[in-house]
Amino acid sequence: MNETYIRQLMERFLNAETTLEEEQTLYNYFQKKDIADDLKPYREAFQSFSAVSGMEKDTAKTHTPVWVVLLRTVTTMAAVFLVGLFFAVRDGSSEVPQQTMATNQTEHTPDFCEGSTPRELYVCYLERKREQSKTYRSLKRMIYENQQ
């Protein structure tokens, strides 16, 4: 490159009168190894300017491969489809019909201990607990016997 042209560009750059193409020319010039001795003090500054402005010579734009874009698109479409399917199929199955609730309530309604004194209530509680433990022991024994 012509040294006088570079010096003119330098003067215009320092006066903030250069275009982007002219600045790119300066950045490219200062990337070279052989530059004029009187311009060497500006070398480090221009290299840092080129790094800040993103105009480095070695940076090339990388394009995403087509198969990656297609895979992302298909995955997104599948996710949207599954979410839509979830809301379309869900028909309020979390609601329990009233007949089922009525039969379950009568089957699982506990028998409360009858008694007026705390002692009678406590005795009833102990009897129920013993019955429960027998049931638990028998269930445990049945499970153990079935495993063998």
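Start by selecting D38, which is partly exposed, with a relative accessible area of 43%. Throughout this tour, buried means under 20% relative accessible area, exposed means over 50%, and partly exposed lies in between (1.4 Å probe, protein chains only). The model is predicted, so local features need pLDDT of at least 70 and side-chain atom pairs count only at pLDDT 80 or more, while totals for chains, interfaces and linings use all residues. Residues are numbered from 1 along each chain as its sequence is written, and side-chain values use heavy atoms, with hydrogens and water left out.

**Stop 1**

A salt bridge here is a side-chain nitrogen of Lys or Arg within 4 Å of a carboxyl oxygen of Asp or Glu. R7 counts as partly exposed, at 33% relative accessibility.

**Stop 2: the whole chain**

Zoom out and colour by secondary structure. The protein chain has 6 helices and 0 strands, and from the N terminus on its elements run α-α-α-α-α-α. Helices (H or I, at least four residues) and strands (E, at least two) are DSSP runs, numbered from the N terminus. Of the 148 residues of the protein chain, 13% count as buried. Among contacts with a separation of 6 or more, 32% are between residues 24 or more positions apart; contact means heavy atoms within 4.5 Å.

**Stop 3: helix α1**

Select residues 3–14, which are helix α1. The end C-alpha atoms of α1 are 16 Å apart, in agreement with the 16 Å that its 12 residues should span at 1.5 Å a residue. The expected span of a helix is 1.5 Å times one less than its number of residues.

Which residues of α1 are buried? They are I6, L9, M10 and F13. Seen down the axis of α1, these buried residues fall within an arc of 105°, so they line one face of the helix. The arc is that of the directions from the helix axis to the C-beta atoms. An α-helix has 3.6 residues a turn, so residues three or four places apart point the same way. Now select Q8 and E11: these exposed residues are on the face of α1 turned away from its buried side. After α1 comes A16, whose phi is positive, near 60°.

**Stop 4: helix α2 and E22**

Select residues 20–31 for helix α2, where E22 is found. α2 has 12 residues and reaches 17 Å from its first C-alpha to its last, close to the 16 Å expected at 1.5 Å a residue. Its buried residues are E22, E23, T25, L26, Y27, Y29 and F30.

Centre the view on E22. Is E22 buried or exposed? At 15% relative accessibility, E22 counts as buried. Leaving aside neighbours within four places in sequence, E22 is in contact with Y5, L9, R12 and E17. Show the side chain of R12 next: E22 forms a salt bridge with R12, the closest N and O atoms being 2.7 Å apart. E22 lies in helix α2 and R12 in helix α1, so the pair ties together parts that are 10 residues apart in sequence. R12 counts as partly exposed, at 31% relative accessibility.

The backbone nitrogen of T19 lies 3.0 Å from a polar atom of the side chain of E22. This is a polar contact (a pair of N or O atoms within 3.5 Å; within protein, one must be able to donate a hydrogen and the other to accept it, and residues adjacent in sequence count only if both atoms are side-chain atoms). T19 counts as partly exposed, at 36% relative accessibility.

**Stop 5: the nonpolar core**

Select I6, L9, M10, F13, L26, Y27, Y29, F30, I35, A36, L39 and F46. These 12 residues make up the largest nonpolar core. The elements that give two or more residues to this core are α1 and α2. A nonpolar core is a set of buried Ala, Val, Leu, Ile, Met, Phe, Trp, Tyr and Cys residues joined through side-chain atoms within 4.5 Å.

**Stop 6: K40 and D37**

Finish with K40 and D37, whose side chains meet in a salt bridge (3.6 Å, N to O). K40 is partly exposed, with a relative accessible area of 42%, whereas D37 counts as exposed, at 63%. The count of salt bridges comes to 3.
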